Amino acid sequence: MDCGTDERQYGHGGDGDAAEWKKVAELREFVEAQDPSAKGEDDFALRRFLRARDHNINKASVMLLRYLAWKRVTKPHGFISDDEVRGEIAKGRDRHQGFDRLGRPMSYLYGGRHFPVRRDHEDLKRYVVYVFDKICTKLPTGQEKFAAVIDLKGWGYANCDIRGYLAGLDIMQSYYPERLGRVFLIHVPYLFMAAWKIVYPLIDDKTKKKFVFVADRDLDATLRDAIDESQLPEEYGGKLKL
């Protein structure tokens with residue numbers, strides 16, 4: 001992948017067993033024969049696609065080839081610039097700062113600041129890709145996943161955007177496999193559960209386990225258990241200034 005440090009320079013080090021790396025090599029040979037641009041993806045990226053398809057080389061190759069084709073269209077220059085998503089950035093729906101106790105970069109998303117658009121979701125999709133790439137650049141050496149807090153305080157019908165949620169999930173699951181570590185959903189209003197019931201069946205089983213709903217009474221303890229006080233934003237009782 002083209003986000004973050006090229007992990008090949010550090011070698012495989014013992015992260016993953018020999019049988020898995022052998023499958024990575026087989027996947028690379030198979031995919032590069034069909035799309036030479038796969039040479040630009042490091043072994044760790046290929047391993048994520050392989051793991052996302054339970055080490056089935058055929059399924060992983062289909063997924064990876066689809067990603068490579070998508071990448072050429074979506075990021076012809078290799079990245080999405082700030083200028084391309086300036087309007088989306090101005091909406092202030094997300095912040096990316098600090099790390100959890102496992103060394104995963106943290107993202108904070110504010111559902112009450114998002115409003116659906118009546119036109120297509122191309123601007124939103126482009127911004128989602130921009131955000132994922134931005135998060136990936138914060139991954140420290142040896143870390144492949146990020147974590148997030150989705151704060152739904154103030155969320156109501158006006159913020160409900162099923163099409164937008166599904167578009168974001170599709171991008172994450174299809175093109176950024178095995179990047180998500182955990183998501184805490186906090187300040188969840190009852191109304192949101194109606195939207196969640198629509199979205200939930202379309203989330204793959206592995207990803208479903210990564211979503212954690214946090215009751216208000218457990219919020220402080222849950223966040224402090226996952227994030228050191230120095231890395232926890234002030235708005236959640238920590239010392240980190242966002």
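**Close-up views of a predicted model**

**Figure 1. Helices and strands around the largest cavity.** At least two lining residues of the largest cavity come from each of β1 (94–99), β2 (105–110), α5 (122–136), β3 (146–151), α6 (162–175), β4 (180–186) and α7 (192–199) (DSSP runs: helices H or I, at least four residues; strands E, at least two). The model is predicted, with local features requiring pLDDT of at least 70 and side-chain atom pairs pLDDT 80 or more, whereas totals for chains, interfaces and linings use all residues. Numbering starts from 1 along each chain as its sequence is written, and side-chain values use heavy atoms, without hydrogens or water. Helix α5 gives the largest share of the lining, six residues. In total, 33 residues line this cavity, and Leu109, Val128, Ile150, Tyr165 and Gly168 lie nearest its centre (cavity: 1 Å grid points where a 1.4 Å probe fits but cannot get out; lining: an atom within 4 Å of a point).

**Figure 2. The aromatic pair of Trp21 and Phe44.** The rings of Trp21 and Phe44 are edge-to-face, 5.4 Å centre to centre with 75 degrees between the planes (pair: centres within 6.5 Å; stacked under 30 degrees, edge-to-face over 60, otherwise tilted). Because Trp21 belongs to helix α1 (residues 18–34) and Phe44 to helix α2 (residues 43–52), the pair ties together parts 23 residues apart in sequence. Both Trp21 and Phe44 are buried (under 20% relative accessible area, 1.4 Å probe, protein chains only).

**Figure 3. Tyr67 and Trp70 in helix α3****.** Tyr67 and Trp70 form a tilted pair, 5.9 Å centre to centre and 35 degrees between the planes. Three residues, about one turn of helix α3 (residues 57–74), separate them.

How values were computed:
On a 1 Å grid over the protein atoms alone, a cavity is a set of points where a 1.4 Å probe fits but cannot get out, and a pocket is an open set with protein on both sides within 12 Å along at least five of seven lines; lining residues have an atom within 4 Å of a point. Rings of Phe, Tyr and Trp (its six-membered ring) pair if their centres lie within 6.5 Å; planes under 30 degrees apart count as stacked, over 60 as edge-to-face and the rest as tilted. Buried means under 20% relative accessible area, exposed over 50%, partly exposed in between (1.4 Å probe, protein chains only).
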